[in-house]
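Good morning, and thank you for making time for this item. I would ask you to look at the sequence and the structure on the screen while I speak.

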Amino acid sequence: ADGSADGAVGQFASCPSEAPAPGAAGPHGVYCAGASAADVVTHVDLRNTGLSGTIPTLLGFMTALVSLRVTRDVLSGTLPTEIGRCTALEALEVGGNRLSSTIPTELGALTRLKRLMLSANALTGTVPPQLSALQFDVLAFADNMLSGELPPLAAA
């Protein structure tokens with residue numbers, strides 16, 4: 001691994017064969033479900049680790065991913081549109097990085113998403129209207145360069 005997100009997050013597309021029991025902490029804040037070499041990653045928690053680089057598009061293949069927490073790191077680039085394929089995702093926390101571009105409309109496909117934390121990045125554009133159908137417990141957009149009005153959001 002090279003310390004970048006491509007190396008750090010990308011290397012956890014599947015769990016190592018010596019993965020701990022389901023629900024137990026795995027290496028580098030990665031948690032898995034299953035009890036064999038065919039385990040799947042369900043949670044990635046690399047908050048405040050100094051992780052740099054970009055969020056890899058291969059994240060879209062991690063369809064069992066329930067939470068991605070990479071806040072207060074030094075990630076740059078975009079939030080990949082492929083994350084819209086992570087239909088089990090309940091928490092997406094990427095605040096406090098250097099992410100730029102727009103918020104992907106594909107996030108609207110994440111019907112289980114309850115926590116969306118995008119604050120303190122350099123995101124531009126508007127909040128996609130596709131998010132209006134989702135019911136959030138936590139929604140954070142502060143400290144970006146967003147424009148326009150928030151779309152009507154459903155009550156949780």
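I shall go from the overall layout to the charged pairs, then to the nonpolar core and some individual residues.

A word on the source. This is a predicted model, in which local features need pLDDT of at least 70, side-chain atom pairs count only at pLDDT 80 or more, and totals for chains, interfaces and linings use all residues. Residues are numbered from 1 along each chain as its sequence is written, and side-chain values use heavy atoms, with hydrogens and water left out.

Let us begin with the layout. The protein chain has 1 helix and 11 strands; these elements are DSSP runs numbered from the N terminus, with helices (H or I) of at least four residues and strands (E) of at least two. From the N terminus on, the order is α-β-β-β-β-β-β-β-β-β-β-β. Of the 156 residues, 42% count as buried. Here buried means under 20% relative accessible area, exposed means over 50%, and partly exposed lies in between, with a 1.4 Å probe and protein chains only. The chain exposes about 7300 Å², of which carbon and sulfur atoms supply 54%; accessible areas come from the Shrake-Rupley method with a 1.4 Å probe, and for residues only the protein chains shown count as cover. As for contacts, meaning heavy atoms within 4.5 Å, those between residues at least 6 apart in sequence include 41% that join residues at least 24 apart.

I turn to the charged pairs. Side chains of opposite charge can pair when their charged atoms come close. A salt bridge is counted when a side-chain nitrogen of Lys or Arg is within 4 Å of a carboxyl oxygen of Asp or Glu, and by this rule there are 3 salt bridges.

Which residues does glutamate 93 pair with? One partner is arginine 69, with the closest N and O atoms 2.9 Å apart. Glutamate 93 lies in strand S6 (residues 91-93) and arginine 69 in strand S4 (residues 67-69), so this pair ties together parts that are 24 residues apart in sequence. Another partner is arginine 115, where the closest N and O atoms are 2.8 Å apart. That pair also links distant parts of the chain, since arginine 115 is in strand S8 (residues 115-117), 22 residues from glutamate 93. Through shared partners, Arg69, Glu93 and Arg115 are joined into one network of salt bridges.

Is glutamate 93 buried or exposed? At 3% relative accessibility, glutamate 93 counts as buried, whereas arginine 69, at 21%, is partly exposed, as is arginine 115 at 29%. Glutamate 93 also touches other residues, including Leu68, Val70 and Met117.

Aspartate 45 forms a further salt bridge with arginine 47, the closest N and O atoms being 2.7 Å apart. Aspartate 45 is partly exposed at 22% relative accessibility, and arginine 47 is partly exposed at 36%.

Next, the interior. In soluble globular proteins, nonpolar side chains tend to be buried together. A nonpolar core here is a set of buried Ala, Val, Leu, Ile, Met, Phe, Trp, Tyr and Cys residues joined through side-chain atoms within 4.5 Å. The largest such core has 32 residues, and those with the most contacts inside it are Leu92, Leu107 and Leu116. Strand S1 (30-33) and strand S2 (40-45) each supply at least two residues of this core. Leucine 116 touches, among others, Leu92, Leu107, Leu131 and Phe136, leaving aside residues up to four places away in sequence.

Isoleucine 103 sits in the loop between strand S7 (98-101) and S8, and is buried, with a relative accessible area of 4%. Among the residues that isoleucine 103 touches are Leu118, Leu123, Val127 and Phe141.

Finally, the backbone. Most residues other than glycine have a negative phi. Where do we find positive values in residues other than glycine? Alanine 120 has a phi near 60°; this residue is in the loop between S8 and strand S9 (122-125) and is partly exposed at 34%. Aspartate 143 likewise has a positive phi, of about 60°. Aspartate 143 lies in the loop between strand S10 (138-140) and strand S11 (145-146) and is exposed, with a relative accessible area of 63%.
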